[in-house]
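Biologist: I have the model open on my screen. Can you walk me through it?
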Amino acid sequence: MLYTDFEKTLESRLETRADLYPHASEYHRVRLEQTIHHLLNSILAQTDALMQQPDGSWTHTEEIVSDILYCGEMDVDQLFALEIPNELTADRDFEAIKTKLYETKYYPIGEHLNYISFPPALERKAFIEKHFSRFKEKSHFCDLGFGPGVLTAFILEQDTSWRVEGVDISRDCLHHAQRLLEKKKVLARSELSVADVRSLPYPDDTFDVVIAVEVLEHIPDPEAGLAEAMRVLKPGGYAMTALPVQLPMLMHLYDFDTPDEVLALYEKVGLQVIDFETKEFQRQAGPFMDTFALSVNP
Ligand SMILES: C[S@@+](CC[C@H](N)C(=O)[O-])C[C@H]1O[C@@H](n2cnc3c(N)ncnc32)[C@H](O)[C@@H]1O
């Protein structure tokens with residue numbers, strides 16, 4: 001709605017009561033005008049803060065937004081008009097989450113938007129970047145639960161000899177991620193498909209590096225998923241994993257209580273952890289932690 005239309009609508013609604021209740025009507029008009037004034041000032045203050053952000057931050061946002069619009073084949077108005085899935089119920093049922101959340105046009109876009117400024121998403125990327133130098137030439141990666149494909153593209157852009165295969169349960173994620181890889185001109189070195197992390201379409205000992213970032217908590221039994229990841233990881237290969245702690249959400253079918261519980265899981269499947277970071281983040285419902293690990297299949 002245009003601001004002039006808004007003003008006219010507001011005025012005409014208040015006028016319907018002005019004859020009978022002139023003072024009450026005037027009282028509400030001034031009260032509402034003050035609220036509007038306050039909101040507009042707050043929007044201007046937010047705009048000033050945005051204008052003060054350094055060029056690097058604008059360049060970063062420009063890239064992510066243009067990638068999202070390309071992957072979603074839409075403009076910014078259509079992006080904001082997208083329906084946000086809200087039909088999830090509290091029963092934490094995998095099939096329901098898959099059809100009502102993962103398999104929607106919104107889902108990969110929402111996950112992709114996190115890479116503008118959501119600190120846990122930026123930390124995932126930073127943790128992976130920190131270890132790039134360990135991976136040899138012609139490394140063969142597997143990205144489990146690749147989502148929007150941001151990390152997949154990031155890996156492929158590092159070294160033109162690297163290849164990435166991967167699975168995600170969502171067709172919408174596959175479509176989005178493949179468009180992103182195509183835009184970044186790295187699609188030819190990838191092979192992504194729709195599959196379940198609990199039953200991977202790869203032979204034993206296939207990959208030099210397996211990435212499972214923020215995906216194992218989306219299945220009821222993370223140990224089964226991690227054991228499957230171990231099966232396809234070569235001996236001596238690396239696993240890069242990220243798991244949240246104390247972050248109950250409808251799509252999280254397993255809740256980790258402590259970082260030690262995460263470490264115990266890695267130990268149980270036989271991974272040797274060589275770097276383990278924990279970071280605390282704030283959200284409205286309270287603080288939560290993310291854990292990031294680099295491990296080796298001994
Ligand atoms: C929080 S997103 C993480 C995306 C990506 N790894 C990242 O960090 O940007 C979780 C992803 O796991 C996928 N997923 C959930 N359950 C899965 C399963 N059983 N098998 C494969 N993928 C699954 C979802 O579709 C979603 O794309």
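Predicted model: local features only at pLDDT ≥ 70, side-chain atom pairs only at ≥ 80, totals over all residues.

Biologist: Fine. How many residues of α2 are buried?
Modeller: The number is zero, out of 30 residues, so α2 lies largely in the open.

Biologist: What span should α2 have, and how far apart are its ends?
Modeller: Helix α2 covers residues 22-51. At 1.5 Å a residue it should span 44 Å, and its end C-alpha atoms are 43 Å apart, which agrees.

Biologist: And the whole protein? How many helices and strands?
Modeller: There are 11 helices and seven strands. Along the principal axes, the C-alpha atoms fill a box of roughly 85 × 40 × 35 Å. Of the 298 residues, 30% count as buried.

Biologist: What share of the contacts comes from residues 24 or more positions apart?
Modeller: Counting contacts with a separation of 6 or more, 67% are between residues 24 or more positions apart.

Biologist: Now the sheet. What is the strand order?
Modeller: It goes β3-β2-β1-β4-β5-β7-β6. That is an open sheet of seven strands with mixed pairing.

Biologist: Which strands stand at the edges?
Modeller: β3 (190-194) and β6 (272-283). Each has a single partner strand, so one side of each is left without a neighbour in the sheet. On average, neighbouring strands are turned by 15° against each other, direction ignored.

Biologist: Remind me what holds strands together in a sheet?
Modeller: Backbone hydrogen bonds, with the strands either parallel or antiparallel.

Biologist: Then β4 and β5: parallel or antiparallel?
Modeller: Parallel. Six bridges join β4 (residues 207-213) to β5 (residues 233-245). Val-213 stands opposite Ala-242 in β5.

Biologist: How do β5 and β7 run?
Modeller: Antiparallel, with eight bridges between them. Tyr-238 has Val-296 in β7 as its bridge partner.

Biologist: How many bridges pair β6 with β7?
Modeller: 11, in the antiparallel sense. Phe-276 stands opposite Ala-293 in β7. The two strands, β6 and β7, are joined by a hairpin through two residues.

Biologist: Which strands does α7 lie across?
Modeller: Helix α7 (residues 119-130) lies across β4, β5, β6 and β7 (286-296). It runs at about 15° to β7.

Biologist: I have Glu-123 selected. Where is it?
Modeller: In helix α7. Glu-123 counts as partly exposed, because it has 16 C-beta neighbours inside 10 Å.

Biologist: What is Glu-123 in contact with, leaving aside neighbours within four places in sequence?
Modeller: Lys-279, Asp-290 and Phe-292. Take Asp-290: it is 167 residues from Glu-123 along the chain, but their C-alpha atoms are separated by 9.0 Å.

Biologist: And α9, what does that helix lie across?
Modeller: Helix α9 (residues 171-183) lies across β2 (163-168) and β3, running at about 165° to β3.

Biologist: On to the ligand. Which residues are closest?
Modeller: Tyr-102, Gly-145, Gly-147, Ile-169 and His-218 are the closest of the 21 residues that surround the ligand. The elements that give two or more residues to this shell are α8 (150-158) and β2.

Biologist: How does the shell around the ligand divide by class?
Modeller: It has 11 nonpolar, four polar and six charged residues.

Biologist: What about Asp-221, buried or exposed?
Modeller: Exposed, because it has 12 other C-beta atoms within 10 Å. Asp-221 is in the loop between β4 and α10 (222-232). Its C-alpha atom is separated by 20 Å from that of Gly-166, 55 residues apart along the chain.

Biologist: Where are Glu-73 and Asp-205?
Modeller: In loops. Glu-73 is between α3 (55-72) and α4 (76-81), and Asp-205 is between β3 and β4. Glu-73 is exposed, with 11 other C-beta atoms within 10 Å. Asp-205 has 13 C-beta neighbours inside 10 Å, so it counts as partly exposed.

Note on methods
Residues numbered from 1 in each chain as written. Helix = DSSP H or I, 4+ residues; strand = E, 2+ residues; numbered from the N terminus. Expected span 1.5 Å × (residues − 1). Buried ≥ 20, exposed ≤ 12 C-beta atoms within 10 Å, placed from the backbone. Pairing = 2+ DSSP bridges. Axes fitted to C-alpha atoms, helices over the stretch in contact; angles between N-to-C directions. Contact = placed C-beta atoms within 7 Å. Near = placed C-beta within 6 Å. Nonpolar A, V, L, I, M, F, W, Y, C, P; charged D, E, K, R; others polar.
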